[in-house]
Amino acid sequence: MRQLIIGPEREALRRLRERVANPSLRTEDVSEVVAESIHRRREQSGDEALSAALSPTIETALRESVRKDPGTLADALFPVMGPAIRRSILETLRSFLESFNQVLDQSLSWQGLKWRVEALRTGRSFTEVALLHSLVFRVEQVFLIHKRTGLPIGQVVAPAVAMQDPSLVSGMLSAIQDFVRDSFHAEQGQGINRLQVGELEVWIEDGPYAILAAVIRGVPPRILRERMAECLEDIHREFSERLERFDGDTAPFAAVPHVLSCCLDAKFKEEPRRPRYAYAWVTGGLLFCLLGGFLGWREWQFHRWNQLASTLRAQPGFVLTSFGRGNGRFTFYGLRDPLAADPLGFVQAAQLNPARAEFHWAAYYALDDAIVQQRAASILAPPPGVTLTVKEGVLRLAGTPTAKWMSDLRARALLVPGIRGVEIPLEISPERLSFSETRDAVQNTVVKFPLASATLSVSEHNSLRELSAELKSLLESAPALHTKVRVEVVGHSDTTGAEAANQNLSQRRADRVASELIRLGIPAGALHPKGVSSAEPVRPEDSDANRQFNRSATFHISVAPGL
Amino acid sequence: MLQKKICMLGAFAVGKTSLVRRFVESIYSDVYQTTVGVKIDKKIAQTDDREVALVLWDLYGEDDFQKTRWSYLKGASGYLLVADGTRRATLDKAISLAQRAREEVGPLPFIFVMNKCDLAPDWDLEPDWEARLAALNWTTLRSSAKSGEGVEEAFLQLTRKILAGS
């Protein structure tokens with residue numbers, strides 16, 4: 001019976017006991033509900049207890065994870081770390097640059113100097129002094145104060161402002177508010193809304209649960225008051241319940257500073273416009289232009305003189321060793337051949353002021369062809385109609401010089417500095433010239449005879465002796481001139497008498513002269529005597545004197561190329 | 001951080017300001033400063049399990065010329081009631097102040113401190129003063145702002161009491 005009644009319960013109890021006693025089964029049970037139960041727990045009593053319970057385990061787990069393999073956690077945190085680090089670095093750099101810019105701006109001006117002195121005098125930092133002077137107003141701190149307790153709920157502070165302890169400021173502000181309200185029996189909601197403490201002003205905005213207080217340096221605009229009121233309204237709208245229940249714990253008000261920051265405003269003085277800067281710019285610009293113009297002109301002048309120097313360098317007979325500028329003058333040092341052109345001529349040709357040129361030349365013999373040519377002309381003094389040219393040190397002649405001038409020309413020319421050689425064309429070689437002269441002299445010679453005679457007078461003997469010397473030189477120089485010489489001895493007679501007799505007479509006269517010349521040493525083969533009677537008169541027979549010229553013998557020398 | 005407003009109550013010249021100074025800055029000054037209205041200080045107190053920022057409102061000691069401004073007590077989480085062992089009247093004053101405080105802002109946690117225990121031989125008190133206060137269910141401590149005795153203890157006990165009540 002008993003078994004029947006409580007049998008199933010006992011069986012169930014046994015199974016339950018077994019289940020409780022068996023850890024693996026229990027684990028299984030718990031695993032089914034663990035997520036759900038954590039969720040429920042959080043809903044019921046908030047995060048704190050659960051977080052407190054879990055945090056040691058999580059901390060240990062994290063530590064263990066890092067100890068085992070730091071990579072896992074590093075990988076997980078990587079997307080968070082990068083931006084955070086970048087942001088932090090950027091922020092630091094930005095604030096550094098800002099302060100650096102400002103300091104540069106202010107420390108280089110007269111005003112900056114004044115501020116620096118003031119900073120030294122008052123013991124404040126330069127930044128502070130600079131800020132105070134360039135500030136119209138700045139909200140330095142904003143406090144949200146819980147009205148009932150006078151405790152601070154949140155605060156924001158402007159960069160680089162030394163923060164007062166919010167608890168003390170909040171306390172004092174609410175104490176003062178209370179004091180004033182008590183003293184003047186003011187209604188709730190009435191009280192101080194503005195305090196002035198030296199350079200600081202405190203603006204107070206009163207709300208049902210909280211007070212907004214802004215510490216301001218300078219003269220704030222009216223609109224700031226409205227902004228504060230709006231800010232306080234926003235806070236009351238968002239946090240009213242929490243404000244009412246506030247018991248000193250600021251954790252639920254973490255978002256308050258963000259709301260307050262809209263009141264952190266500042267305005268700086270605009271730099272006054274300085275018209276004198278415009279003058280300075282114009283004056284500076286003019287000066288700059290003048291200076292630029294002067295320098296440009298100077299440079300242009302120098303350029304022109306430099307070009308002159310280049311011209312001189314290129315001129316024959318000049319060696320420019322140095323060229324410089326000093327005391328407004330241009331100085332040239334170098335060598336100049338006395339025959340070279342006058343340098344002042346180049347100065348004038350370049351339209352430069354000769355008074356500014358200063359030449360220091362040492363004389364020398366230039367070996368330029370042009371100069372050597374001039375030198376040769378001045379030393380050798382060629383006769384008119386003769387030109388001298390010099391090319392690469394070799395003197396060349398052109399024109400018809402006299403044999404006399406030509407006689408020792410080669411030797412004289414080689415004494416001229418710069419002449420290394422002489423080139424004389426064959427037709428005006430001294431040999432040929434003297435050959436021609438001798439030939440002309442011989443051909444102009446007339447050997448006169450008495451009337452109807454072929455007998456030589458004493459004087460004609462003598463002149464034939466001289467002639468024979470000339471003929472000898474002609475004959476001797478002919479081979480060197482590559483010519484063959486044929487000397488015709490031509491006998492003449494006047495027209496008086498019979499033609500046959502005259503023919504005979506003229507032939508005898510020619511033979512007589514030829515034989516005399518042969519006697520004087522002229523080879524017989526070179527002489528060809530012939531009588532022409534009166535057929536080739538030396539002179540027209542218009543007078544006795546001229547008739548005498550036709551009773552004669554003359555010479556005709558023919559020259560033919562040969563050998 | 002958790003913040004708590006604490007007031008100092010007591011008769012004129014019982015040593016409230018000195019106690020605060022001792023607690024806040026750990027320096028004692030013999031120069032007595034008459035507190036004008038209120039003076040505010042702050043101290044981070046470490047209780048058993050958490051830190052609390054105590055904002056100490058040092059109220060003017062009530063005398064014949066000036067009354068305590070009860071509005072200062074508004075919003076306080078508790079107060080330290082101070083009397084001077086060398087002046088019997090200050091104890092009576094403390095009792096009446098506690099009564100008045102209850103009327104003004106309702107029941108608040110507080111600790112009573114009999115100050116100037118460094119001058120204990122010169123104390124001018126009825127022998128049963130402690131029994132009298134015990135009957136009122138007051139927590140009573142002895143302290144000396146001059147030697148530092150009992151100062152830290154008084155503030156910490158008050159903090160614990162406040163935290164226990166909240």
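A residue is buried if 20 or more other C-beta atoms lie within 10 Å of its own, exposed if 12 or fewer do, and partly exposed in between, with C-beta atoms placed from the backbone. With 16 C-beta neighbours inside 10 Å, A13(B) therefore counts as partly exposed. The structure is a predicted model, in which local features need pLDDT of at least 70 and side-chain atom pairs count only at pLDDT 80 or more, while totals for chains, interfaces and linings use all residues. Residues are numbered from 1 along each chain as its sequence is written, and chains are lettered from A and ligands numbered from 1 in the order in which they are written.

**Chain composition**

- Chain A holds 18 helices and 16 strands, where helices (H or I, at least four residues) and strands (E, at least two) are DSSP runs numbered from the N terminus.
- Of the 563 residues in chain A, 23% are buried.
- Chain B has 4 helices and 6 strands, and its elements follow the order β-α-β-β-β-α-β-α-β-α from the N terminus on.
- Buried residues account for 43% of the 166 residues in chain B.
- Two residues are in contact if their C-beta atoms, placed from the backbone, lie within 7 Å.
- In chain A, 62% of the contacts between residues at least 6 apart in sequence join residues at least 24 apart.
- In chain B, residues 24 or more positions apart make up 72% of the contacts with a separation of 6 or more.

**Interface between the chains**

- The interface brings 17 residues of chain A into contact with 19 residues of chain B.
- On the chain A side, 5 residues are nonpolar, 6 polar and 6 charged; Ala, Val, Leu, Ile, Met, Phe, Trp, Tyr, Cys and Pro count as nonpolar, Asp, Glu, Lys and Arg as charged, and the others, Gly among them, as polar.
- D178(A), located in helix 7 (residues 166-184) of chain A, touches R69(B), S71(B) and Y72(B), not counting residues up to four places away in sequence.
- D178(A) is buried because 21 other C-beta atoms lie within 10 Å.
- The C-alpha atoms of D178(A) and G191(A) are 8.2 Å apart in space, and the two residues are 13 apart in sequence.

**Strand 3 of chain B and its partners**

- Strand 3 (residues 51-59) of chain B is mostly covered, with 8 of its 9 residues buried.
- Strand 1 (residues 2-10) of chain B pairs with strand 3 of chain B in the parallel sense over 7 bridges; two strands pair if DSSP finds at least two bridges between them.
- Within strand 3 of chain B, L56(B) is the bridge partner of I6(B), and W57(B) is that of I40(B).
- Strand 2 (residues 38-46) of chain B runs antiparallel to strand 3 of chain B, and 9 bridges join them.
- A hairpin of 4 residues connects strand 2 of chain B to strand 3 of chain B.

**Nonpolar cores**

- A nonpolar core is a set of buried Ala, Val, Leu, Ile, Met, Phe, Trp, Tyr and Cys residues joined through C-beta atoms within 7 Å.
- The largest nonpolar core has 44 residues, of which I6(B), C7(B), M8(B), W57(B), Y79(B), L80(B) and L81(B) touch the most other members.
- Strand 3 of chain B contributes the largest share of this core, 7 residues.
- A second, separate core of 32 residues includes V139(A), I216(A), C231(A) and V256(A).
- L80(B) touches I6(B), M8(B), F110(B), I111(B), V113(B), A154(B) and L158(B), not counting residues up to four places away in sequence.

**An open sheet in chain A**

- In chain A, 3 strands form an open sheet of mixed pairing in the order 10-11-12.
- Strand 10 (386-391) and strand 12 (421-423) of chain A stand at the edges, each with a single partner strand, so one side of each is left without a neighbour in the sheet.
- Strand 11 (residues 394-399) of chain A pairs with strand 12 of chain A in the parallel sense over 3 bridges, and L395(A) stands opposite V422(A) in strand 12 of chain A.

**Positive phi values**

- Most residues other than glycine have a negative phi, and most peptide bonds are trans.
- S533(A) has a positive phi, near 45°, and lies in the loop between strand 15 (527-531) and helix 18 (544-550) of chain A.
- S533(A) is buried because 23 other C-beta atoms lie within 10 Å.
- A13(B) has a positive phi, near 65°, and lies in the loop between strand 1 and helix 1 (16-25) of chain B.
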